[in-house]
Amino acid sequence: MANNIEVKELLDAGVHFGHLTRRWDPNMAPYIYMERNGIHIINLYKTAAKIDEASQALHKIAASGRKILFVATKKQAKEIVAEKAAKANQPYITERWPGGMLTNFVTIRKAVKKMASIDRMKKDGTFNTLSKKERLQVDRLRAKLEKNLGSISDMTRLPGALFIVDITREHIAVKEAQKLNIPIFAMVDTNSDPRQVDYVIPSNDDASKSIDKVMTFVSDAIIEGLTERKATKDAPKESQSAAAAKPKAEEKPKAEEKVAVPAPAKAEAAVETVATEAPAKQEEE
């Protein structure tokens, strides 16, 4: 879990650098340590505490089986978020946010199913029966859908939470999540309003090193939650197999008891026979 976060790690990654003082949001004041050379410096002790808090919450969501949707369309964050989210087996949006992604999820699912139907056409040979022009159009549509929705093809229901890098840029995603009461986790810089987010991580959301560092802690917490869920699922199976094997072991003593019961009776009958025969022999003598 992220409870071993060291402030020096965050410092080395440049997580403490905020925006220019003239671009700040006053609601970020509690998370700002000082001003230096016209730039706000974020309090890394509060950042570490907030990362720990967010990681614990994400750990629980992952352990419950719900998906966490990662959103980051800015150039510096795209590849990092895609890599970390894929490692944790979570969906992500790194291209343009499709309007209605959450509030009109049914339509988005139809687009994903369209992508799956094109794949089926290619497998069963239907695709080859189309004209050259139609095949080209279908390929272009498939590529477009893959680019925008490929990472969420396995997401069959609304996510349990959103993790956003730069809530100012991803304001549409924030609004949709708020409308559906989906918890929002986010890296929030000094130019953003933290009141829009349920779990604030005050940090530099522009530098790739800073994003990578925070994402590492977050993805590790999610992976731990998934591992815990898997272990919990496997435990009942093991107990059931042990319970099934236990009665068989208990049947043996019962069988032995049944076999052993007649033996003492025979021994007693033999003793009685010897006891009755012995005086008779003595009388004959």
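Colleague: Which residues of the largest nonpolar core touch the most other members?

Modeller: The model is a predicted one. In its largest nonpolar core, which has 32 residues, Ile68, Phe70 and Phe163 touch the most other members. Two or more residues each come from α2 (44-63), β4, α3 (75-87), β6, β7 and α7 (208-260). The largest share, eight residues, is that of α2.

Colleague: What is Phe163 in contact with, beyond its neighbours within four places in sequence?

Modeller: Its partners are Leu58, Ile68, Leu69, Phe70, Val71, Phe185, Met187, Ile201, Val214, Met215 and Val218.

Colleague: Why is Ile182 called buried?

Modeller: Its relative accessible area is 7%, and the term buried applies under 20%. Ile182 is therefore classed as buried, because 7% falls under that cut-off. This residue is located in the loop between α6 and β7. Residues up to four places away in sequence being set aside, Ile182 touches Leu102, Pro159, Gly160, Ala161, Leu162, Ala177 and Asp198.

Colleague: What makes Ile182 and Asp198 a contact, and how far apart are their C-alpha atoms?

Modeller: The C-alpha atoms are separated by 9.3 Å, with the two residues 16 apart along the chain. Contact, however, is judged on heavy atoms within 4.5 Å, and Asp198 is among the residues that Ile182 touches.

Colleague: How do you know that β4 and β6 pair, and in which sense?

Modeller: Strand β4 (residues 68-71) and strand β6 (residues 161-165) share four bridges in the parallel sense. Ile68 has Ala161 of β6 as its bridge partner.

Colleague: What makes β5 and β8 edge strands?

Modeller: They belong to an open sheet of five strands, ordered β5-β4-β6-β7-β8, with parallel pairing. Both β5 (92-93) and β8 (199-202) pair on one side only. Helix α6 (residues 171-179) packs on this sheet and touches β4, β6 and β7 (184-188). The direction of α6 makes about 160 degrees with that of β6.

Colleague: Why do β1 and β2 stand at the edges of their sheet?

Modeller: That open sheet has three strands in the order β1-β3-β2, with antiparallel pairing. Each of β1 (17-20) and β2 (32-36) has a single partner strand, so one side of each lacks a neighbour in the sheet. Two bridges join β1 to β3 (residues 39-42), and Leu20 stands opposite Ile39 in β3.

Conventions. Residues numbered from 1 in each chain as written. Predicted model: local features only at pLDDT ≥ 70, side-chain atom pairs only at ≥ 80, totals over all residues. Heavy atoms only, no water. Pairing = 2+ DSSP bridges. Axes fitted to C-alpha atoms, helices over the stretch in contact; angles between N-to-C directions. Core = buried A, V, L, I, M, F, W, Y, C linked by side-chain atoms within 4.5 Å. Buried < 20%, exposed > 50% of the residue type's maximum accessible area, 1.4 Å probe, protein only.
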